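Please keep the sequence and the structure in view while reading.

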Amino acid sequence: MRWLVNVGLLCGKELRSLVHDRVLLGLIVFAFTAGVLLVANGVKVEVSNATIAFIDEDHSALSRRMRDAVLPPYFKAAVLVDRAQALQGMDRGDYIFVVDIPPRFEADVLAGRTPAVQLRVDATAMTQAGLGTEYLNEILLAEVDDMLHAPAVVEQIPFQAASRIRFNPNSESSWFTSVMQIVTNITILSIVLVGAAVIREREHGTLEHLLVMPVSASEIAVAKIVTNGLVIFVGAMLSLWLVVHVWLGVPLAGSVTLFGACALLYLFSATALGIMLATVAPTMPQFGLLVVPVYAVAYLLSGAATPVESMPRLMQVVVRFLPTTQFVNLSQAILYRGAGLGAIMLPLLTVTVTGIVFLAFALSRFRSMLARQE
Amino acid sequence: MTGQAPHNARSAPPPGIAITGVTHRYGAVTALDDVTLDLPAGTTIGLVGPDGVGKSTLLGLIAGVRRLQSGTVRVLGADMGDRHAREGFLPRTAFMPQGLGRNLYPTLSVWENIDFFARLFGMDARARDARIQRLLDATGLAPFPDRAAGHLSGGMKQKVSLCCALVHDPDLLILDEPTTGVDPLSRQQFWTLVDQLRAERPSMTVIVSTAYMEEAERFSWLVAMDSGRVLVSDRTQHVLERTHTKSLEEAYIALLPAGRRPQEGGLAIPPYTNPGGPPAIEARHLTRRFGSFTAVSDVSFTISRGEIFGFLGSNGCGKSTTMKMLTGLLDVTSGTAELFGEQITAGDMKTRMRIGYMSQAFSLYEELTVRQNLMLQARLYRIPAAKAARMVEQSLDSFELRDCADVSPVALPLGIRQRLQLAAACINNPEILILDEPTSGVDPAARDMFWCHLIRLSREGHVTIFVSTHFMNEAARCDRISLMHRGHVLAVGTPAELVKKRGAPTLEAAFIAYLQDAEAATDAQVHPAPPHAPTRWHALVTRLAARFGGVGGGWLPRAWAFARREAVELLRDRLRLTFALVGPLILLVVAASSISFDVEGVGFTVLDHDRTTISRDLIDGFRGSAYFHELAPVADADALDRAIRNGHAQMALDIPAGFARDMEAGRRPEIGVIIDGAVPFLAANVRAYATGVLAGYATTLGRELPRQAALPITVEPRFSYNQEFRSIYAMTPGVIMLALILIPTMLTALGVVREKEVGSIVNLYASPASVGQYLMGKQAPYVALATLSYFMLVLVAVVVLGVPLKGSLLALTIGGVLFVLSATGLGLLISTFVSSQVAAIFGTSILCLIPAVNFSGLLYPASTLTGASRLVGLGFPAAWYQLISLGCFTKGLGTGSFWLMYLMLGLFAASYMLAARLLLKKQEA
């Protein structure tokens, strides 16, 4: 009971401290609004707006038709260049694809000599290169077939394949990136806000002052977790509802309540990690440098940047123990696929257990952290 | 009431300090109220008055570190309101701010600290070395040139601070409460030192503010202030004559308006009687070590219930450490400590309820108001809300805090803040009060009031009080005192006993005698260090700096002074250095070896209604593909839906009943390919692979199928730059970009805002150095560190990760250095903009991570971006460096391809620094 009262009192204090820093509040609002919008509207995770150039040595009606067939949203309008410009452009990163149509191409096609079109691909553009090549193959073939009035290849197959992409039928990138950005914001904010709050109290001597009073380390830590967690929670949920759902029009398939509950658990885990890092780094500049690789690695391995399924086998096993990865996993399950509690038990368990481990470690170091001489 | 011009101005004196009509406000609080003052040059001037009357503000204005709000201040002929005049004047002045060693850098040695100031004022190497040696000799610091400033006692810190102030031989020396919190021996030495230095240079003007009235008596001119106004400004002798008093303490009281005079009759202390029972505090052979350093060594004492026990000793002698052990904050290395006969254990709430503690530094919340702070304290001591509110009101009255009940403690002067801390410590009516230098920096009247409380608590409430102090008159009020020095107790007894034992006239003299004995004993062990011998590296750097110093009229030496200091601090901070170098490598190795876009082993399940050899053949097609991985088949549509919804399978095949039959009949049956679209990138790939597998299966069906030859053209893809199509080759250059934007920015992001929080930024305000020099100096060491980090990243990428560097290392390095310049510049810009270190860390994280990951070509090529995101990408250096990094690593390009990128990175670096330069002001408000 006493414990709860103290946590409550300390929460009030934390909230006042947080509200006090206007620049920080501004940054939080920015992260959950403009930050989410920018990423959602700007980033395309699949082949989209890919840049393409044509070297046309045929100058025929067919080569023109092929060029005109390359269309948005997959590709930007094709640019006509000579060979030197094409190579330079690829070096500069201006073109990802260069289609090279040889001389007498149309004549060869009509004569049934099966001429070859060379397609140069910048293979460093991993997200575009593989699929883009497939798409271009289809587009160019279809155009030639069309000119020859031949039935398309697909139509010659004795069955039909009806592919249905569930949950995001048009593969809208913004559905994915907006929610993933919220998750990333939650991660960074939880680690930084809570951890820095601990170090700040230590540097100002207020932590020491609290520990002389009948207040336990767990009360101090939990108050920080609860207050900062709640502020981030409110920001994230508002952002999910107003920015993602209302503004961007992303449908939320599953239960927002369930997602909220999971987010609370994840906040506990991430804020506990923040406190743990704060007990490891004695000063603010050290803490700043320590958190960067932590949140950057957590983000890159979370599945929000690249699919976990694409990682090497060993890493796929390792990342299963990271709370961030599991939270991304269950966010996708709940918000897109509308999965229920039963499907997300394991990720939920991971998030909770890691949080408890982080917090236990942090509390065990709380006092020895004060004993360190500056 | 306002000060009068001196009566007997001599003929044409040199211009002194002329202050006319100066008013200064902090928000609603008026610190100075229409002050007009004329002070003569070439004298010593004492500035006295209680806390919060505007002494520090006035000194700040004279020193030029505060922005003038109204009125004029002319110092030695220079108009402080005029920027050029002020800058021309700054080299002639020296300012030592309030607070023990506040303008010193704790990890720098004594020599390095003074050397930094000498460089700031543009002294050449020979003059510097000679001057520093002389100052160290004069101050008695000569044996410790290499000791870190953070490990010095308070008295020594102030001596170092004084050396720093005097190193450039100023015409005007401004000392803001220099002896506050310093033991009497050090205080005596400090003033002797100032007198000596003045004797050498009689023309030097010295202004000192002090809370010790007896100290002010040694100054020839006296300015007394009260409530933002000047009570008197005259020769000290005249003041005494005019008020018909013998001491300044009395004179000051006589000068106060009648209503503000303290009550007559000093403090009467009823004699102490022991109420019996076990001793309140008992320490036996207490020892505490920090590593190899013994802070407290074999300390024993017993304090009876209700006793006032004083703890005297210089700063850093172990007083605070002993007190912290008694509160349970620090663990005991050996020995025992008992409160009320019970061993102290960590986390024992029962004992904590009985203790009130007040730490040396202010340790209440600056974000809360005075009232809120007291309320929090009361509630945490488990006082019910209603009662707590009553007690807070009571406490506001008894500690005279009502006037400032609703303001933040930041705005309050030191003395009032200390009063607030005592109020907080007493709020739970503790049985033991442990007070660590509660009255440091508190004016005499407030101190008396403070002691009234203590005496009442002790004698009426039988509260045991364990207090440390530097004031001898306070020590004399204690029932017993203990003298401590370098971790050892020198003597314990009643004040009278100690005086008698030493045969000294006063307690102060007795204390000084004890200290001198102890010093003599230790000094004999310390061999005087040889004169500071510069290392070879040091000599080389100095020569280089001297050569470049000529360029730009001494612009570089000042920037170099900042850079050098920052570099030394960085080199001493091993942990930060490690994080800064290892962090990027971990990021690189983990990210480059695990981020991948190769989609393989997609789990799929089948709902086969047909169950013929034909349908099984079709499924075999998927089984045979490396892209797919078969899971257990499902029995019905519901199960299929569940498998996809729960993320069990990413793809499912739905083969209709009669598939084989319909195909045979040419009815072209439809196979359902259901794909999980939660991750669009995966979905698109899975669809393409599935289409491919199905097309491949079709070719095996024979008969009326299109043969390969039937295709009218072939498309021959050639993958450039990354023939094997391996993610690691494509990702590594990008991850290096990511590491170089995230970490160097964080390195500098705390630079300025931290100095503002700590207070050492005042060195910039008070020095003739410009903001530009300061920023360049702060940036340089981090550019060097980040460049080293860049080389390590490239080395690890090539050697450990096996990513070939196909292009020019030179081209990559030019880009790397320019990029690092931009990143550190951006960090400094963020640092000048934000108001707290927390905001600096979060701001840097968000502002760098979002554009670097999304809009700079790390995961998605920058050329595919459109609209706002394209602008964000182009407006951020990472996108430009990504082109260089990718071009050099994978495309084999050289410098010729990157002129535009170099230019843009250079522009970013320059504009960030320019913006930071414009945002950072060179004076306080």
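B:Arg486 counts as partly exposed because 19 other C-beta atoms lie within 10 Å of its own, whereas a buried residue would need 20 or more. The model in which this is seen is a predicted one. B:Arg486 belongs to the loop of chain B between strand E19 (480-485) and strand E20 (488-493). Its phi is near 45°, a positive value in a residue other than glycine.

A positive phi in a residue other than glycine is also found at B:Asp169, where the angle is near 60°. This residue is placed in the loop of chain B that runs between helix H5 (154-166) and strand E7 (172-176). B:Asp169 has 16 C-beta neighbours inside 10 Å and therefore counts as partly exposed.

The peptide bond joining A:Pro72 and A:Pro73 is cis, with omega about 5°. A:Pro73 lies in the loop between helix H4 (61-69) and strand E2 (79-80) of chain A.

The largest nonpolar core has 430 residues, and the members that touch the most others are B:Ile114, B:Ile174 and B:Leu742. The most is given to this core by helix H9 (residues 173-203) of chain A, which supplies 17 residues. In soluble globular proteins, nonpolar side chains tend to be buried together.

One of the core residues named above, B:Ile174, can be followed to its contacts. Leaving aside residues up to four places away in sequence, B:Ile174 touches B:Leu59, B:Ile62, B:Ala63, B:Thr93, B:Ala94, B:Phe95, B:Met96 and B:Ile207.

Definitions and conventions: Residues are numbered from 1 along each chain as its sequence is written. Chains are lettered from A and ligands numbered from 1 in the order in which they are written. This is a predicted model: local features need pLDDT of at least 70, side-chain atom pairs count only at pLDDT 80 or more; totals for chains, interfaces and linings use all residues. A nonpolar core is a set of buried Ala, Val, Leu, Ile, Met, Phe, Trp, Tyr and Cys residues joined through C-beta atoms within 7 Å. A residue is buried if 20 or more other C-beta atoms lie within 10 Å of its own, exposed if 12 or fewer, and partly exposed in between; C-beta atoms are placed from the backbone. Helices (H or I, at least four residues) and strands (E, at least two) are DSSP runs, numbered from the N terminus. Two residues are in contact if their C-beta atoms, placed from the backbone, lie within 7 Å.
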